[in-house]
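Subject: Structure handover

Hello,

Here is the structure I said I would pass on. Please open it and keep it in view while you read the notes below.

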Amino acid sequence: AAAGPSINIKVLSYNLFWWHLFKVEGGRGGSAGHLIRSTSQPPYDVMGFQECEDPEKVLGPAGLLQEYEMFQGTHAICMAYRKDTWQLLVKGETDVAEDMRTEYYGTRGTQWMRLQHKASGRHLFFVNHHGPLSVNSGGLCGGQSTAFNILNIMAKNAQVGDVLMLVGDFNANAASRTLQSLWGHLDAVYNSKSFGGVDNILANVGKSDVLLGEEIGSGGSDHQAISAIISVGDEASSSGKKAKSLHVPCQSAPQGSSCWNEVQWAMTNGIQQHPEWYPGLNANSPREQFQEVVHQNSPGKCPLPCGVLGANLGSGAGLGASFSVSVLNDAKGSDGCLLEPQTEYEVDGWSEVKKGVSDPRVCCQLCQNHGGCKAWLWSEWSTEAHGMACILKSGQVKSKRFKDGSVSGLPKTEAIKEAEMAMTKTEAMQNWSEKTR
């Protein structure tokens, strides 16, 4: 980034689950806005919303309308910036992808804006994106194409020295070619655990620039809202290493407090009755991890406990592409699959045809449930099946070719291996870059 005084930038990305939270539940008493208000110390600089049809209904009930300038996008996405801190220079919208034919809702776009920080003069180029379906496909033209189109927006509209920030529900996690392609250009700041990590924040910063990354709660959505704070332009110490700190209140619940009781119930009853509420935890998990889940779902009930990821500041520990891959391990169903549209794999080994499979995601799950399946191919028309078909493959992918009407991919176990290879390559490049900064 360009020279100038050091600043911290706090960002929010939040899929609002609009049709249910607002159209069915009537906004649930402004729960989304109140979640934002309850986590606004320090306040958010920029916010990106997906499945958003009226930003005033989000921020209004929490009394935040006067603090933020808001923009409604054409693809049910909204963005906002803090007016007393930033000045808008230019904004726009650009389509970047289109849903697959088997799960089609239309084209998918981005909103973007270029802002100037009033006190420091630094510039931020902010992009909000809601990605195409199916999950981990990158849409009709694939993940690499979607990533290229997003990066092209930055190349055309940002300027040298800008802080670049990309947020959103990508409908893509670490298994996707979308994220793997973006990792080579933007660092993974933080991602949710929802749906294997489809909600993401990326920026052109290093791990040492990330002060905080956390899920802050759902506020009635089916996604967790995610937040991050990055530091830009700090003064280097004599050793050349960055020395950063940020005070975020944390407290372990005192025994007998209402928070203690909530956590105790979660550890004894909740984990047994609703294990899906506590992903990655079991009855023997540390109390602090249960308190973190209670805090994320209801910040007013419990503070952020000390010693967890959200309170582990300055080190960047647990963040980056490696965190994205670790979250992928908990993806359910087809959310852990890699899908490559309009692609036919050449795979050695045996094949097994499953007739009448109408959805590539089902094909992937059939592969996942088959002990020897290493790759799969779905086709709109198979001569052998006389219709749609899913072909399970046992060997390694030898080559790929374009084929309209086909989708190929990997089951979760194989997708994780490819994600780990992409992560290793990315982190090696980042470590080299950090050393030479």
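A nonpolar core is a set of buried Ala, Val, Leu, Ile, Met, Phe, Trp, Tyr and Cys residues joined through side-chain atoms within 4.5 Å. Buried here means under 20% relative accessible area. Keep in mind that this is a predicted model.

The cores

The largest nonpolar core has 36 residues, and those that touch the most other members are F125, M154, L166, F170, W183, L202 and L328. Two or more residues of this core come from each of β5 (86-98), β7, α4, β8 (163-169), α5 (177-183), α8, β13 (338-347) and α10 (412-436). Helix α10 gives the largest share, five residues.

What does L328 touch, not counting residues up to four places away in sequence? The list is N173, A174, A175, G196, D335, G336, K412, I416 and A419.

The largest pocket holds about 1,100 Å³ of space. It is lined by 37 residues, of which E276, W277, Y278, P279 and V293 are the closest to its centre. At least two lining residues come from each of α6 (258-273), α7 (287-297) and α8 (321-328). Which of the elements supplies the largest share of the lining? That is α7, with six residues. Sorted by class, the lining has 15 nonpolar, twelve polar and ten charged residues.

The backbone

The bond from Q41 to P42 is cis, with omega near 0°, and P42 sits in the loop between α2 (31-38) and β2 (46-50). The bond from L133 to S134 is also cis, with omega near 5°; S134 is in the loop between β7 (123-130) and α4 (143-157).

Next come two residues with a positive phi. A76 has a phi of about 55° although it is not a glycine, and its place is in the loop between β3 (68-72) and β4 (77-82).

F195 lies in the loop between β9 (187-191) and β10 (199-203). With a relative accessible area of 33%, F195 is partly exposed.

Regards

Definitions and conventions
Residues are numbered from 1 along each chain as its sequence is written. This is a predicted model: local features need pLDDT of at least 70, side-chain atom pairs count only at pLDDT 80 or more; totals for chains, interfaces and linings use all residues. Side-chain values use heavy atoms; hydrogens and water are left out. Helices (H or I, at least four residues) and strands (E, at least two) are DSSP runs, numbered from the N terminus. Buried means under 20% relative accessible area, exposed over 50%, partly exposed in between (1.4 Å probe, protein chains only). On a 1 Å grid over the protein atoms alone, a cavity is a set of points where a 1.4 Å probe fits but cannot get out, and a pocket is an open set with protein on both sides within 12 Å along at least five of seven lines; lining residues have an atom within 4 Å of a point. Grid points are joined across faces, edges and corners, and a volume is the space filled by probe spheres set on the points. Ala, Val, Leu, Ile, Met, Phe, Trp, Tyr, Cys and Pro count as nonpolar, Asp, Glu, Lys and Arg as charged, and the others, Gly among them, as polar. Contact means heavy atoms within 4.5 Å.
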